[in-house]
Amino acid sequence: MAREEKGSITLFLSLVLTLVFSLCFSLLEAARVQALDEIAVRKLRLEMESMFGEYQPDLWEMYGLLFLDGGNDEGKLDLAMLEGRRIQEASLEQKSLGFYQMALRNLEITKYALATDGGGIAFKRQACATIQAQLAAGVADALRGKLGSGEELAKEGDELEKQWESAKDAMAKADEIEKGKETDVNMPESAPKKASGKPPANLPENPVDSVDSLKKSLTLNLVVENPAEISAKALADFDALHVRTKAQGNLKLPNGGALDKFWLLQYLDHYFSCKTGSGKAGSKEHALDYELEYCVAGKRSDSENLDTVVKELLLIREAGNFMTIMQDGKKQALAMEIATAAVGFTGLAPVIKAVQIGILLAWSYVESILDVRCLLSGGKIALVKAVSDWKSDVSLGEKALAEKSGDTKDDEKGLTYREYLQILLLLAGEQTLSYRAMDIIERNVALQKPSFRMDNQLHCVETEAIYTAQPLFLGFAAFQKEKDGTYHFRPEGNITYLK
């Protein structure tokens, strides 16, 4: 009987212990599964940080930009290549983690934003952040005030062109009257019937016609002392971002702040070269030497870009010089004398006034040529100079250019050529400016890596992953086991180079 009782107790205890151990192992497995789920999220974060740690090195070294190059050797965006490379690297890095051993089985980039998306929002945000880290906080505000007057002058250029055309029309009308093409009815009774001939010997010649010829001539020959020194670099193929079919991301980014454009101007000034020299940083090799000029004009060659910039600078300087000459009563009186001598026989006050304005504009344009020569030689010119700072002799008209060809006297309180370029860049649209800046960066980086494309550069991604792990303890709960008995964890995550 005693042996039977002892045997019955052992069997009961075995059953109890089996249930207790099963419960304990199930609890341990449940805790392990919960920990594995949290670890999967952390591991995905580490995988993404490892992926983004492989940023494009040339972009960072040359331009202080952090982007992940998603392009293949053919220059095409290839997300599968990034995903496969990360899975392969993760398998090589896999180490035993005891209770928490798991493996990365799949990684998919579900959403992403590229440098060129939304007109270059990611590029602009990174560029602004890069330059803000190097300059004082109030620089953009100061720049906005400094360039504001220049922007107004640039807008005045269009109105002055209309006045210039009015002056030429007035002179043409006077010619018609002189040749008798208009009837006597249309002429005032007090008006003389013939022209007064050449202006008196003590008056300069009317400069409108000669300056009109100057405006139609090769502009660079007027302002560059030695045209042979102009860079001959040109892009072999003009595959600019704004014209080609670009890769597109599917993750929308927020726009930046109100001062972003001014910070972008500072970034371009810091990293890009121009006719008068290189920036403080940037590429050592240049597909185009006049990079800021390209951002203004968007042409394929340095000479074309410089020509466009010079024409726009002449308009700005003409507007500034016209404001100066309108403060000089002597020059205005002299212009009225010349206009009266030239078209006064018409007796039409509007015609005489229009020609007077044309003469003042012609003198302003001649002065502008001297100003741009000074800027290109490294000098400074005020937006609106004082009457005493006028360089050209208005009595000589076009001849003043020859007599002042070597004069590069500048105004120490004025703006440099690079600062005038910032005024022109301010007039460009933000998307146009961002695309052209990325064109320059792309071309320069491609000198090191031919397959490089800015529209393959990843700024941020969202991902989904699958991690697997094998059961370690006995358990009755299925938890997240699939039919093959393996646990599958599907974490999601995101990462960006700039918050």
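The largest nonpolar core in this predicted model has 107 residues, and those with the most contacts inside it are Tyr-267, Leu-268, Phe-272 and Ile-441. By nonpolar core I mean a set of buried Ala, Val, Leu, Ile, Met, Phe, Trp, Tyr and Cys residues joined through side-chain atoms within 4.5 Å, where buried stands for under 20% relative accessible area, exposed for over 50%, and partly exposed for anything in between, with a 1.4 Å probe and protein chains only. Helix 12, residues 349-376, supplies the largest share of this core, namely 18 residues; helices here are DSSP runs of H or I with at least four residues, strands are runs of E with at least two, and both are numbered from the N terminus. Apart from this core lies another one, of 28 residues, which includes Leu-68, Ile-109, Ala-469 and Ile-495.

Before going on, a word on conventions. Residues are numbered from 1 along each chain as its sequence is written, and side-chain values use heavy atoms, with hydrogens and water left out. Since we are looking at a predicted model, local features need pLDDT of at least 70 and side-chain atom pairs count only at pLDDT 80 or more, while totals for chains, interfaces and linings use all residues.

For the chain overall, the secondary structure comes to 15 helices and five strands, and 48% of the 499 residues count as buried. If we take the contacts, meaning heavy atoms within 4.5 Å, that have a separation of 6 or more, then 80% of them are accounted for by residues 24 or more positions apart.

Let me now turn to how the helices pack. Two packed helices are described by the angle between their axes and the distance between the axes. The axes are lines fitted to C-alpha atoms, for helices over the stretch in contact, and the angles run from 0 to 180 degrees between N-to-C directions.

Helix 8, residues 260-271, packs against helix 15, residues 430-446, at an angle of about 25°, the axes being 12 Å apart. That makes helix 8 roughly parallel to helix 15, on a scale where angles under 35 degrees count as roughly parallel, over 145 as roughly antiparallel, 65 to 115 as roughly perpendicular and the rest as oblique. On the helix 8 side the contact involves Lys-261, Leu-264, Leu-265, Tyr-267 and Leu-268, and these meet Glu-430, Leu-433, Ser-434, Ala-437 and Ile-441 in helix 15. Divided by class, this contact of helix 8 with helix 15 has seven nonpolar residues, one polar and two charged, with Ala, Val, Leu, Ile, Met, Phe, Trp, Tyr, Cys and Pro taken as nonpolar, Asp, Glu, Lys and Arg as charged, and the others, Gly among them, as polar.

Leaving out residues up to four places away in sequence, Leu-268 touches Leu-292, Cys-295, Arg-418, Leu-425, Leu-433 and Ala-437. Glu-430 and Lys-124 are 306 residues apart in sequence, yet 9.0 Å apart in space, C-alpha to C-alpha.

The second pair is helix 6, residues 208-216, with helix 12: their axes come within 9 Å and cross at roughly 45°, and the two are therefore oblique to each other. Helix 6 contributes Val-208, Val-211, Leu-214 and Lys-215, while helix 12 contributes Gly-358, Ile-359, Ala-362, Tyr-365, Val-366 and Ile-369. By class, that contact has eight nonpolar, one polar and one charged residues.

Leu-306, Val-309, Glu-312, Leu-313, Ile-316 and Arg-317 of helix 10 make the contact with Tyr-417, Tyr-420, Leu-421, Ile-423 and Leu-424 of helix 14, a set with nine nonpolar, no polar and two charged residues. As for helix 14 itself, ten of its eleven residues are buried, so it is largely enclosed by the rest of the structure.

I will end with two loop residues. Ser-451, in the loop between helix 15 and strand 3, is buried, with a relative accessible area of 14%, and, leaving aside its neighbours within four places in sequence, is in contact with Asn-72, Asp-73 and Gly-75. Gly-347, in the loop between helix 11 and helix 12, counts as partly exposed at 43% relative accessibility, and its C-alpha atom is separated by 9.8 Å from that of Ala-174, 173 residues apart along the chain.
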